[in-house]
Amino acid sequence: MELGKCIQPWYEFQFDYHDELSSCCYYSGDLESINFNISNSWNSNYFKKVRNIIKTKDKTVNNGCSNCDYLKITGKNWKQSFDNEIPRNIELNDKISQKRFENYILAKKEFEEKKNHLQSLPVKIYINFGVKCNFKCTFCFQNIERENNDTRTISAESIFKEKEILKIAQEIHIIGGEPLLIKESIKFIELLKTDADFKNINLRITTNGSLLHRYI
């Protein structure tokens, strides 16, 4: 896949337990300090900078995107999230799903036009709650932080204050560590589960599966 076809800064908003915001797991430049006002951060200098790198296909060494491992790995086999197949959970008839659909279409349009300042809001919200885990896989890059007793996390309630933006995302993705061991992660899932506005949201949880029996 070519750099100019990357949709991330038009598509995804990431919260991270390091008190940083990003549009992508693979971006290697300086990140933005965390701010729980998504709408302001979405059009911050950081996000505009990354959009401009992709818009201009800037291959300057060490610009944060120029040596992207994801582009190398996926090549031409990567499936665009802004393709002609509309996600089913945004085609429903309720008012929130309609807003979700309208935001998705606008985000797709602004990506195609390579706009820097967006009227659309994130289609995907990605939240990394921390490193706590009940496994110690040899390949896990978080082992060093666990060995150093890193207990940093993100407040579920701080993120949920952005409910009006969260509820029109097509997808909310939760990760850790093991998210079913992290108190704030579980609290956030409960907030989503008990709020009718999120009944049609696409909630994804990246888990090792060992604790699912507690929650199914």
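Rings of Phe, Tyr and Trp (its six-membered ring) pair if their centres lie within 6.5 Å; planes under 30 degrees apart count as stacked, over 60 as edge-to-face and the rest as tilted. Keep that in mind, and look at one aromatic cluster here: Phe13, Phe15, Tyr27, Phe36, Trp42, Tyr46 and Phe47.

Some ground rules. The model is predicted, so local features need pLDDT of at least 70 and side-chain atom pairs count only at pLDDT 80 or more, while totals for chains, interfaces and linings use all residues. Residues are numbered from 1 along each chain as its sequence is written, and side-chain values use heavy atoms, with hydrogens and water left out.

Back to the rings. The structure holds twelve aromatic pairs. Take phenylalanine 160 and phenylalanine 198. Their ring centres are 5.6 Å apart and their planes stand at 40°, so this pair is tilted. Phenylalanine 160 lies in helix 7, residues 156-160, and phenylalanine 198 in the loop between helix 9 and strand 6, so the pair ties together parts 38 residues apart in sequence. Helices (H or I, at least four residues) and strands (E, at least two) are DSSP runs, numbered from the N terminus. Buried or exposed, phenylalanine 198? Buried, with a relative accessible area of 4%. Phenylalanine 160 counts as buried too, at 14%. The cut-offs: buried means under 20% relative accessible area, exposed over 50%, partly exposed in between, with a 1.4 Å probe and protein chains only.

Rings also meet charges. A charge sits over a ring if NZ of Lys or CZ of Arg is within 6 Å of the ring centre and within 35 degrees of the ring normal. The charged end of arginine 51 sits over the ring of tryptophan 42, 4.8 Å from its centre. Tryptophan 42 is one of the cluster members. Lysine 114 lies over the face of phenylalanine 111, at 4.1 Å from the ring centre.

Two strands pair if DSSP finds at least two bridges between them.

Strand 1 and strand 4 run parallel, joined by five bridges. Aspartate 16 has asparagine 128 in strand 4 as its bridge partner. Strand 4 and strand 5 also pair in the parallel sense, over five bridges. There, isoleucine 125 has isoleucine 172 in strand 5 as its partner. Strand 5, residues 171-175, runs parallel to strand 6, with four bridges. Isoleucine 174 stands opposite isoleucine 205 in strand 6.

Contact means heavy atoms within 4.5 Å.

Why is strand 4 largely enclosed by the rest of the structure? Because five of its five residues are buried. In a regular strand the side chains alternate between the two faces of the sheet. In strand 4, Lys124, Tyr126 and Asn128 are buried on one side, and Ile125 and Ile127 on the other.

Tyr126 brings us to glutamine 14, because Tyr126 is among its contacts beyond four places in sequence. Glutamine 14 is in strand 1 and is buried, at 7%. Its side chain makes a 2.8 Å polar contact with that of glutamate 12. A polar contact is a pair of N or O atoms within 3.5 Å; within protein, one must be able to donate a hydrogen and the other to accept it, and residues adjacent in sequence count only if both atoms are side-chain atoms.

The peptide bond from glycine 176 to glycine 177 is cis, with omega near 25°. Glycine 177 is in the loop between strand 5 and helix 9. Lysine 57 is not a glycine, yet has a positive phi of about 55°. Lysine 57 sits in the loop between helix 3 and helix 4 (69-74) and is partly exposed, at 47%. Asparagine 62 has a positive phi near 60° and is placed in the loop between helix 3 and helix 4. Asparagine 62 counts as exposed, at 72%.
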